[in-house]
Amino acid sequence: MGELTSQEIVDLCVRHTLFDWQAQGALEPMAVASARGAEFFTVDGKRYLDFNSQLVSVNIGHADPRVADAIAEQARILPYASPGMATEPRALLGRKLAELMPGDLDKVFFCLGGAEANENAIRIARAVTGRQKILARYRSYHGATFATITLTGEPRRWGNEPGMPNVVHVLDPHHGTQRPVDDAETSLGYLEETIQLEGPGTIAAFILEPVPGANGILIPPDGYLQGVRDLCDRYGILMIADEVMSGFGRTGRWFAVDHWDVVPDILTMAKGLASSYVPISAVGLRPKVYEHFDERVYWGGLTWNSHTLACAAALATLRVYEEDGLVEHAAEMGEVMAGHHRELAERHPSVGLVRNLGLFGIVELVRSRETMEPMAPFNGTSEEMKAVAAYLDEHGLFTLVRWNGIMTNPPLPITERQLAEGFEILDGALAVADRAVV
Ligand SMILES: Cc1ncc(COP(=O)(O)O)c(C=O)c1O
């Protein structure tokens, strides 16, 4: 390692590997060399503070030696065993997740990524209910396989249509910067009407992110998730909570549903499970779901189901959360983040909305607080948002700038000092955006 220059790495990656979600012609990927904690370094030695935990996935921070050691040890003992076998890492991880998952969820099906977890979740829901339709929300992202990109409500679905049949999208309480959030009762009213119009007996499951992430950290109004739970119970619909992004301490609780004491029938998890050190995801199930398979086959499987290396990495990761009190720390730092958000809103007329739950946060920019016209249109960008993103990049703050939003999702071990450093850079960037305010 270390034999290629930064430019050689970029050129070879672009020449021989296909990058996702972008046209290849104008690619300018960053060549990254190493990372530690809440920071990473480019091949040229530039330091970045990671305010998005890469893809909101490196929850415990980068390159924790405790996880690296666990991976190396498992690789020497038993790097892989076929999924029909029982192994110690699988046994221990299954038991640990049963302990952490809400309510009576106490069994998991292991997969490799968030999309695969959601894919299996809906197939399980269909098998268990004997129904075909799946409800999903518009402001959602559920993955990029054929089924899960169809479940996805946001514009990344458009280029993949027609998708899987029998997916019905519903509006959620949020409508973008310019319209206030619906209260729970209003939103649940629309949801119930959709259920009635589709035929309750045809709907297997409602899949939803408890707090949608990529679509803007949309914290539901109080009563919404409890109401969804009630509607699902009333109509025999399975509730699938997609906690791929919101799980594992991101919101200051192990799972986002814990904030509202809601127990879904199926809970999918990925990113934070092994904090992206290796790919692993899981579908968590309640007895009322998995008992269906006591006498029936689940017609699903994967060569790398319950991969020993991944299970060992996840176990070590969960130990780090516990040893370092990261879930509690995320809740505390969430309060600090809320203070920074408020300060930004006071100082900058371009800040229209701020939201966070734990270390799951966003700053939304507007052209005018009166009209709340977003600084970039839905599914688009603007010169101002590009200038903000360029400023952040130049000053060593890595995060996702999407539409009119700037994500604030650092790794959970972030310190108060590092948070202050990141928000100071954001403060500078917003001066650029303020100039566009009318
Ligand atoms: C809520 C949610 N579900 C599913 C996925 C898909 O996960 P993966 O990219 O690991 O397939 C993501 C990815 O960002 C996500 O945020």
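1. By class, how many nonpolar, polar and charged residues does the lining of the largest cavity have? Before the count, please keep in mind that this is a predicted model. The lining of the largest cavity has three nonpolar residues, five polar residues and one charged residue. The residues concerned are Ala-81, Ser-82, Pro-83, Met-85, Thr-87 and Arg-90, together with Asn-305, Ser-306 and Thr-308.

2. As to volume, the largest cavity comes to about 40 Å³, and a search of the whole structure finds one cavity of 30 Å³ or more. Rolling a probe the size of a water molecule over the atoms shows where empty space is left.

3. The second largest pocket, an open space, has a volume of about 500 Å³. Its lining is made up of 27 residues, and those that lie nearest the centre of the pocket are Arg-139, Gly-176, Thr-177, Glu-364 and Asn-404. Sorted by class, the lining of this pocket divides into 13 nonpolar, nine polar and five charged residues.

4. Which strands supply at least two residues each to the lining of the second largest pocket? They are β11 (351-357), β12 (360-365) and β15 (405-408), and of the lining β11 gives the most, with three residues.

5. Turning to the ligand, its surroundings consist of Gly-113, Gly-114, Ala-115, Asn-118, Tyr-141, His-142, Gly-143, Glu-209, Asp-242, Val-244, Met-245 and Lys-271. Helix α5 (residues 114-129) contributes the largest share of this shell, namely three residues. By class, the shell around the ligand has four nonpolar, five polar and three charged residues.

6. Which atoms of the protein come within polar contact distance of the ligand is worth checking on the model itself. A backbone N or O atom of Gly-114 lies 2.8 Å from an oxygen atom of the ligand, and a polar backbone atom of Ala-115 is likewise 2.8 Å from an oxygen atom of the ligand. With Asp-242 the side chain is involved, where an N or O atom is 2.7 Å from a nitrogen atom of the ligand. On its own the ligand has 380 Å² of accessible area, and the protein covers 79% of that area.

7. Among the strands, one open sheet is made of four, in the order β1-β2-β3-β13, and the pairing in this sheet is mixed. At the edges stand β1 (32-36) and β13 (397-398), each with a single partner strand, so one side of each is left without a neighbour in the sheet. Strands β2 (residues 39-42) and β3 (residues 47-50) run antiparallel and are joined by three bridges; the bridge partner of Phe-40 in β3 is Tyr-48.

8. The peptide bond that joins Glu-161 and Pro-162 is cis, with omega at about 5°, and Pro-162 lies in the loop between α6 (146-151) and β6 (167-170). At Ile-217, phi is near 45°, which is a positive value in a residue other than glycine; Ile-217 has its place in the loop between β7 (203-208) and α8 (224-235).

Note on methods: Residues are numbered from 1 along each chain as its sequence is written. This is a predicted model: local features need pLDDT of at least 70, side-chain atom pairs count only at pLDDT 80 or more; totals for chains, interfaces and linings use all residues. Side-chain values use heavy atoms; hydrogens and water are left out. On a 1 Å grid over the protein atoms alone, a cavity is a set of points where a 1.4 Å probe fits but cannot get out, and a pocket is an open set with protein on both sides within 12 Å along at least five of seven lines; lining residues have an atom within 4 Å of a point. Grid points are joined across faces, edges and corners, and a volume is the space filled by probe spheres set on the points. Ala, Val, Leu, Ile, Met, Phe, Trp, Tyr, Cys and Pro count as nonpolar, Asp, Glu, Lys and Arg as charged, and the others, Gly among them, as polar. A residue is near a molecule or strand if one of its heavy atoms lies within 4 Å of it. A polar contact is a pair of N or O atoms within 3.5 Å; within protein, one must be able to donate a hydrogen and the other to accept it, and residues adjacent in sequence count only if both atoms are side-chain atoms. Accessible areas come from the Shrake-Rupley method with a 1.4 Å probe; for residues, only the protein chains shown count as cover. Two strands pair if DSSP finds at least two bridges between them.
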